[in-house]
Structure formats: C-alpha cells, structure tokens
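Work through the exercises below with the structure in view. Each task is followed by a solution in steps.

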Amino acid sequence: MSQCSANDVTAPRPNPSAKWVCGYQRAGLACGEGPDADGVCCQMKGERKKAVDHESCEANCSGRHSCELTGFRRQPQLPSHSELGPCIPQRAAWFSRHVIMVNLALLTAGGLLLCMSLPHREAIFVPGGLSSKHAQILGNLLVSERCSLCHPNSHADVSSMVLQDDLCMKCHTSHMPDAAIRSPHDLTTTQLVSLANPAQAASGEAELSRMKSTQCAMCHIEHHGNGFDLTAMTDASCQACHQHQFNSLAAGHPQFDNFPYRTQRKIAFDHSAHEGKHFGTKNEKFECGRCHVDHLQKGALGSVFRSVGFEKACASCHNDSIKSTTINGWALIQLPSIAPADAQADSQRLNEWPASAQFGYEGEISVALRFLLAADPEVHEALSRLPASGKIQDLAGGEEERAQVARALARGVRRLIADVALDGQLAWKRRLKDIGQASLGRDLNPHELQLIDLMSNGLPPDLFRQMELRWFGNQHGIASTVALPVRLVSQLQDQSLLAGDSLLDASSATQDDLVLGDDDSLLNDVSDATSADVSKADSVRFTNIKGSEHVADGGWYLDQELLALRYMPRGHADGTLAAWAEFSTLVDHAARLGQATIAKRGLQHADGVPGACTECHVLAPQRAEALDDFSNWSSAKRPTLVRLFTKFDHTPHLTLPSLSDCRHCHVANSQSVLSLGQIHAEHASSVGDRQLEQAAVCEFLEAEFSMMRLEQCSTCHRAGGAKDACTQCHNYHVGTQGLEWSK
Amino acid sequence: MTITLLAVGLTAQAVQWTHNRLGDESTLTGWTLLASTAGLYLLSVRKQFVTARLGRVSAWLQVHVYMGTFASILFLMHIGWPVRGIFETLLAVCFTIVAFSGIVLGVMSRRTPKRLLAIPVDRRLEQIPADRATVAREAHETALASAQFGEGATLAEYYKQSLLPFFQSPRGVLYLMVPNGILRRKLLRELGDLERYLADRGNSSRTALAAMVTTKDDLDYQYALQARLRLLFTFHLSLTWALAIMIGVHVVLVYRFQGTL
C-alpha cells in the first residue's frame with residue numbers, strides 16, 4: 001500500500017500488466033491498489049467487502065493512508081466521495097484488445113466450423129472456378145463429387161495412394177493412350193534420349209533418370225476461372241528442360257531440320273515437269289491449290305493437303321492414259337506353247353494340251369503366274385532358268401533347254417488350273433501364301449494376308465473348270481499337285497459336270513455375279529458348253545466372244561483365243577491390281593534383302609504388274625512392312641488425332657497476300673539434276689531393276705523442294721510481329737504415336 | 001529497409017526461377033509468407049516478457065515493420081490476381097486489413113510523437129481525463145468568481161453559453177479522427193472580443209479562462225492523437241488471431257487437396 005502523492009492524483013501508477021484498472025481513474029482519482037484479477041474493486045474484497053460508508057470514511061480518514069479516494073482527500077475541493085458513486089473497475093486497454101482478439105478468433109473458428117458442416121461447403125472453400133472445359137464436364141455433378149474426381153484424398157472414398165495425375169488420366173487416356181505419365185512430352189526416357197542425343201544414349205538416359213518427373217498440374221493450373229487458358233505455357237517453361245537456351249524464334253532458335261519435308265512422299269509428282277511441260281503445253285495455269293487445297297475439308301494443316309485425291313487432282317488428265325494401259329486386261333495365266341510331239345508323248349504327261357498351244361516352245365510367264373507356280377516344287381528349276389522378261393523364247397540356252405523349261409512350266413500350269421478347279425480360291429490363296437512366307441522368311445502379317453485376299457478377289461473357280469473342259473477336253477489325267485478326288489473324276493467322266501453342278505447354279509454364284517456384273521453370258525456359256533450336246537457351231541460362236549468387252553468395268557474372264565485367264569481392272573485404284581503390285585514389291589524387296597528361304601527363282605519380272613501404278617505411287621516395302629503403315633497408295637496425310645512436335649495451319653498464312661503463292665515458302669530445288677521422267681526413262685532399259693528405280697524416285701522427291709529456312713518464318717514471327725512463342729508451332733504432348741510420325 | 005528490399009528481390013528471383021523450372025512457386029511463396037507472418041507474431045510474444053533481456057521492444061518493432069513490409073509484398077506474389085473463392089477472398093481481405101492497418105500504424109507511430117512534442121502539455125492517455133476534469137473545475141470556479149466583480153455577468157454569461165460545453169463535454173468523433181484548432185481559435189477570438197466590456201479584474205479572469213481554453217484544447221489534442229493511435233493498434237491487433245486460424249485452415253486444405261496430407 002503506497003502513500004498518496006500530493007501532486008499526482010493518479011499515483012501510484014497502476015500495474016501495466018493488470019487486466020483491470022480503478023473505476024475512478026477517468027476522474028483522476030484512481031486508488032493505488034486497484035481491482036483484482038477478476039475485476040473486483042479492492043474495496044469490495046475480503047473483510048472490506050461490506051458496503052462502504054462514504055461519509056464515515058471521509059470523516060475518519062486521516063489522509064495518511066491510501067483509500068479509494070486518496071486524491072480526493074488531498075483535494076477537498078473535488079466532488080465528495082458520495083457524489084462519485086461506487087467504483088466500477090474498467091478493463092485495461094491491453095485487456096480490452098485481448099478480449100476483442102479472442103472473441104474475433106472464436107467467431108472466425110466458429111464460422112469456419114459452421115461452413116465446414118454445410119452441405120455446400122466445397123463451394124465456400126473452393127479456391128476459384130474451373131476452366132470452361134472442366135466446368136462443362138463436371139457441372140452436372142454434385143459439388144462433393146467434383147472435388148474427388150481430381151483431388152486424391154479430398155474425400156474418404158478416394159484412396160490416398162492415388163496420385164492426381166492418375167485421376168487426370170482417367171479421363172484423358174482416350175486421346176493420350178500411350179502417354180508415359182509423369183515424363184516430359186509423354187515420352188519414355190529412352191525416347192527422350194533418342195531425340196536429344198542418340199549418340200550418348202547411355203549417359204543421357206542416366207542423366208534423364210535423375211530428372212524430376214513432371215506432373216499435369218505443373219503446367220495446367222486449375223481454379224483460375226472460366227476464361228483461363230489451361231493450356232497456356234510460357235517459353236521459359238519450355239526452356240526449363242531444354243538445354244539449348246535461346247531468346248526467341250528470330251534469335252537463337254535452332255535451324256530447321258529437313259522441315260517440312262520430313263515425311264516421305266508417296267506420290268511421285270514432278271512439279272517442275274507438270275508446270276513447264278504438261279500445263280505449259282496446254283496453256284493452262286499451274287495452280288498449287290488445284291491439287292492441294294480443298295476448302296470443303298479440314299485437316300491437320302487446315303484446308304491444305306498433300307493431295308486432294310486422284311479424282312479431283314489427276315483424273316482429268318490421267319484417267320484415259322491409265323485405262324489405255326489395261327484395255328485388254330492383264331493375262332495372269334497364259335498357257336505356254338509346247339511342241340506337238342510333247343502332246344503325243346505319254347511320258348511328258350501333256351497329252352491333253354490344247355492344240356492351239358502346240359506351236360513350239362514359246363510363251364510369256366507373267367509375274368502373277370510365277371508366284372503361283374513358285375509354290376509348286378516341280379517348277380522351281382524351270383522358273384529359276386526363266387529370263388527376267390518371262391518369255392520362254394528369250395531363254396539363252398538351246399532348243400533343248402527351252403523344251404525342258406516349257407514342258408515343266410506347262411505341267412506346272414496344268415496342275416495350277418486343276419488345283420483351282422478343284423479347291424477354288426483356296427488353292428489360289430494357298431499358293432500365294434506359301435510363296436509369300438517362303439520369300440519373306442516368316443509368317444505373313446495381317447496386311448499381307450489382306451493383300452492375298454485382294455489378289456484373289458472375285459476369282460471365279462468356274463473359269464478354271466471351264467479351262468479343264470474346253471482347253472483340256474475333259475480328260476481324266478488332270479495333273480494336280482493333290483490327288484484328284486473320285487467325285488470330280490466321275491463327274492468329268494460323266495460329261496455332265498456343270499449341268500448338275502450346283503456350284504454353277506446362278507443363284508449360288510454370288511461372288512461371281514459381283515465380279516462379272518450383268519454379264520452372265522459367260523457362265524451360261526459355260527453351262528452350255530459343258531453340256532454333252534454342245535454343238536461345234538456353238539463352240540465357235542462362244543469362242544468369238546471378246547471377254548474384255550463383256551467385263552469392261554472390271555473382273556476375270558477367259559481369253560479363248562490366246563488361252564489365257566485375264567483380269568480387267570476397275571479403273572484407277574483397282575484393289576486387286578494394287579494388291580498384286582504391292583505383293584510383288586514386297587517379295588522382290590525381301591529377295592533383295594536375302595530374307596527369302598527359297599532362292600529368288602526368277603520371281604522378278606520386267607514389266608511387273610500392268611497399269612503403270614509405280615509411275616506415280618512410290619511403293620516403299622520397308623515402310624509397308626511396318627504394321628502401322630499400309631498407306632502406300634494414298635498420299636501422306638497428317639493424322640488429325642496424333643499430336644506431333646510441330647503444328648502448322650496453312651489457312652491463316654494463305655490469307656496474307658505475300659504468302660498466297662505457295663512458292664513463297666516451298667521453293668523448288670534448283671540443284672535437282674534429273675526430272676522424274678528422266679529417271680523413269682533411265683531405268684526403263686534396265687530390266688528387273690524396279691527397286692533401284694523406286695529408290696531414285698524417292699531421292700528425287702526428297703530433293704525436289706529446298707528445305708525451308710528459319711528466316712522464312714522469323715520474318716513475321718518475331719517480337720512485335722506475329723506470335724513467336726514456342727507453343728505457337730510446337731505441341732508439348734506428343735507420345736509415341738506422334739514421335740514416330742514426326743520421325 | 002535495404003535488407004527488406006533485398007529479401008523481396010531475392011524472393012522474386014527464387015519465384016521466377018521456380019516458375020521457369022516448372023516448380024510450384026505457390027508453395028515457395030506460401031511457406032515463405034507463413035514463416036514471415038509467424039515472425040510478425042514474435043513482437044507480441046516479446047511484449048509478454050517484460051523483465052527478460054530480449055532486446056529493446058523498439059528494435060523488435062523495427063524488425064516487425066520490415067518483416068511486415070516483406071510479408072505484404074510476398075502476399076501479393078502469392079495470391080495472384082484476381083483472388084477467387086469465398087474462403088480465399090476472406091483470407092486475403094483479412095490479411096489486407098491487418099497489413100494495411102499495420103502500414104498506417106507504422107506511419108502514424110512515427111508522425112504522432114513529433115506532433116505531441118510540439119505542444120507543451122505532455123500526458124499519458126489515462127491521465128488526460130483527470131486533467132481535463134481539473135481544468136474544467138478551475139474554469140468553472142474562475143467563471144463563478146468573475147460574476148462577483150463589477151463588470152456584471154458578461155463573462156459568466158459567455159462562460160455559460162460557450163465555454164461550459166467546451167470544458168465539460170468530450171470532443172466529437174470528427175475531432176478524434178482529424179484533430180484541429182478551429183474551435184480553440186474561435187473561443188480565443190471571442191474571449192478577446194470581450195475585452196472592451198470588462199474592467200481590470202474581469203479581464204484578468206478572461207485571460208485566465210483563455211489560458212484554460214488553451215490547456216483544455218491541448219489536452220484534447222493529446223487525447224485525440226493518442227486515442228487514434230491506440231484505436232488503430234486495437235484494430236490491427238484484433239484480427240491477428242482470426243488471421244492465424246484462417247491461415248492454418250488454408251494450409252491444411254491446400255495439402256489435403258494436393259493429396260499429400
């Protein structure tokens with residue numbers, strides 16, 4: 001208890017850490033003791049808790065001791081004790097602040113707990129709206145379900161072991177099926193190394209394996225609202241990983257590497273020759289858009305395509321010339337000619353050989369017939385001795401050798417016809433499959449099997465039975481590689497083979513009908529001809545039928561005059577002819593690589609498959625062998641679904657007057673020495689060198705245009721000009737598919 | 001302040017570096033912000049230790065100001081713009097209020113002492129009411145005494161009409177917010193105008209009352225400046241615990257929804 005000060009009405013000073021201060025302080029009359037920690041006035045505590053008798057206090061106060069009115073005692077002129085009323089302690093300033101702080105904190109905590117218990121609590125705690133695409137997908141879901149679709153561990157029903165990227169891929173797998181998750185560009189470490197530095201694959205892989213894995217949320221930051229571009233990526237982000245640092249496209253970007261002609265061209269088109277020679281002579285304007293622009297379609301590069309297709313781009317000039325090359329069809333099988341003496345000698349087993357094919361050892365063995373005969377072991381020797389032209393008469397040996405080859409081939413053809421007559425298309429396909437496997441040295445892949453199907457497409461076995469009957473005179477001794485079934489022999493002997501044969505019933509010959517179209521006369525003729533009562537006059541009449549006219553729109557027919565089985569293509573893009581061409585190229589390629597388990601055996605043919613397909617279509621067997629690339633017959637198209645490293649859209653560029661001429665960017669290579677025509681002419685003389693010709697064509701196509709240079713783009717795409725951000729031309733998400741295509 | 005600016009610059013560089021390396025700059029700024037905010041609370045902790053030798057509070061306050069400046073700038077780096085989400089917005093508003101009041105408090109705490117020193121009366125806030133009461137009593141006695149002199153009731157009448165409300169009642173809220181000398185000058189001018197109506201003794205009382213007006217106004221000025229500072233301090237401090245709770249919830253939510261908690 002301190003003594004009162006005469007000059008200081010508030011003395012002694014209150015304890016600064018006291019929660020309560022005297023109620024008389026504001027009047028300058030604070031007592032020295034002050035209230036206790038609970039805010040009870042010192043006069044109200046303990047034995048002094050009784051009511052204060054202010055008058056008595058005043059009267060008895062000596063003024064030497066402290067009391068609640070210490071100051072007042074020293075200044076008797078101030079209001080009296082009773083006038084001030086009882087002391088009501090006040091909170092100290094700091095304690096007032098403390099109370100406010102605690103109350104506000106409790107209010108906040110209570111408010112948050114209340115919010116967490118609300119059914120729509122996610123709406124309160126979500127840190128912002130979703131981007132428009134995610135909002136569209138998740139908009140119809142309950143709020144509580146929305147969170148757990150992307151956030152692992154956000155709700156009890158999602159395992160804490162699941163990573164957020166895995167949840168992302170639950171929806172995004174469909175367009176990134178082969179993505180290597182948590183790896184840059186969705187590529188595996190090996191693929192990345194092969195891109196970065198193939199020479200140092202081992203060390204590079206070790207280096208990359210130390211690299212931190214990527215996460216979707218590193219770049220795609222959600223909850224920035226509806227208008228936020230979730231795919232936006234800065235150049236600096238790209239350069240976070242890329243070792244070669246540069247400022248912009250114009251300053252430091254690596255020079256283009258074989259851009260944009262990295263993809264192999266599949267159509268051999270000589271732009272210069274067409275512009276100067278073909279269009280020039282017709283006095284027509286050579287417009288790029290005529291063959292490359294189709295405004296009705298939208299591809300990966302806008303409305304610009306490698307080719308808008310044969311019908312739109314080429315047909316007007318090339319349709320007639322293509323038709324002319326196959327006007328009489330393609331003789332797949334043609335009976336070779338033997339000497340009459342051979343037909344007389346039982347030892348040669350050629351007794352029933354048609355008389356019209358007995359004028360000496362001559363005849364041409366087509367490439368198709370070679371494949372079919374190559375499956376017959378007895379013909380291997382003869383085939384291997386055949387010249388590249390396929391003509392028996394071109395055999396370098398003497399008459400005896402020609403006789404041996406011709407007889408062997410004739411017996412082979414005889415067995416082939418008997419086989420197909422007996423087993424139908426199955427025998428045809430079996431032979432092709434055998435020779436395919438033997439040549440390639442492996443089982444055929446689905447594409448190659450599909451080729452064989454196409455090569456047999458619509459082949460009518462009845463034509464082979466007709467050969468049996470009309471060319472070989474229904475004789476018993478059909479020399480087949482398989483034993484002739486009793487049924488067929490008896491039927492042949494019965495001379496009523498086709499009359500009672502349901503196979504030739506018009507209603508059952510569905511496929512043949514498709515092949516022959518409305519021209520049923522041939523089959524009818526067959527029926528008539530197989531009748532025992534067929535007259536010689538009728539034979540003459542039917543022999544005069546010109547099959548090529550009857551199946552002008554495509555199909556198989558017998559050439560009775562030249563004793564041949566012919567195929568009439570269905571104009572441009574005939575599947576059967578294309579399949580034969582591709583199959584022969586495959587076999588030829590395999591033979592060159594030494595993959596064949598059989599010797600080459602003269603499978604090459606100078607003319608190959610008719611139609612001049614390979615003049616325009618570059619057949620690249622090494623690409624066709626890859627299961628995912630069978631598109632040799634159509635121009636290369638950028639896949640719209642596969643994301644490549646580089647993206648480009650011609651459409652906005654073509655709107656600029658300075659770029660409307662394609663030649664602004666696609667500059668013809670002035671260093672090209674030979675034109676495409678000269679290459680074809682050069683290889684026309686070298687028999688059986690189609691592979692070399694194709695290689696030369698490929699070389700020409702690769703060099704026809706000069707590679708684009710960086711400066712052609714950076715003229716416009718620079719700071720202050722058109723955008724030059726990395727993502728303007730490059731995709732981040734590539735994946736194996738895109739990587740392979742980009743290569 | 002140089003160190004603060006240096007720290008801001010280094011943090012900005014670190015954020016940019018993290019961003020360029022596809023890192024999570026929000027985590028970097030978030031944890032730095034959390035650490036610096038926690039550092040701001042150290043001043044309150046220091047104040048609890050009155051006797052312990054932990055350095056001068058003024059030094060701690062200086063560190064608090066610098067760290068608060070750093071945290072405010074870091075806060076802007078962390079949130080991005082615009083702020084979205086109800087809870088996030090509340091948190092940002094709370095932080096902004098605390099930070100802004102802190103900045104204003106910092107400015108005022110430097111300007112107020114100078115203004116206080118400019119006036120002769122020097123009293124603590126708690127003392128001022130008592131002093132005002134004393135001055136009011138003295139003025140009342142002086143006015144009553146002047147009524148007994150020959151000049152009649154001129155001075156007493158004026159006291160009753162104009163000076164009594166001034167001495168007896170506190171100043172308004174507007175004065176608390178913007179303390180000024182308008183009323184003081186008005187009263188002194190009016191008292192001066194009474195001179196022609198008073199004799200020597202009356203003028204003596206008038207002079208005494210004028211001195212008391214000046215003293216009362218000085219006390220009011222003192223009170224306004226100190227009260228304003230204390231009010232702002234209360235405002236600054238009252239939200240800090242609420243802010244701490246919201247920051248805690250924010251951190252838990254972030255890591256919970258990232259799947260790492």
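**Exercise 1.** Find the residues with the most contacts inside the largest nonpolar core.

Solution. A nonpolar core is a set of buried Ala, Val, Leu, Ile, Met, Phe, Trp, Tyr and Cys residues joined through C-beta atoms within 7 Å. Buried means that 20 or more other C-beta atoms lie within 10 Å of a residue's own, with C-beta atoms placed from the backbone. The largest such core has 77 residues, and those with the most contacts inside it are Ile338(A), Leu373(A), Val405(A), Ala406(A), Leu409(A), Ile417(A) and Trp580(A). Helix H20 (residues 399-423) of chain A gives the largest share, 13 residues; helices are DSSP runs (H or I, at least four residues), numbered from the N terminus. Another core, of 19 residues, lies apart from this one and includes Leu198(B) and Met212(B).

The model is predicted: local features need pLDDT of at least 70 and side-chain atom pairs 80 or more, while totals for chains, interfaces and linings use all residues. Residues are numbered from 1 along each chain as its sequence is written, and chains are lettered from A and ligands numbered from 1 in the order in which they are written.

**Exercise 2.** Which residues does Leu409(A) contact, leaving aside neighbours within four places in sequence?

Solution. Two residues are in contact if their C-beta atoms, placed from the backbone, lie within 7 Å. By this rule Leu409(A) touches Pro336(A), Ile365(A), Leu373(A), Val379(A) and Ala382(A).

**Exercise 3.** Which helix gives the most to the side of chain B that touches chain A?

Solution. Start with the totals: 31 residues of chain B are in contact with 38 residues of chain A. H5, H6, H10 and H11 of chain B each supply at least two residues of that side of chain B. H11(B) gives the most, with nine residues.

Notes. A residue is buried if 20 or more other C-beta atoms lie within 10 Å of its own, exposed if 12 or fewer, and partly exposed in between; C-beta atoms are placed from the backbone.
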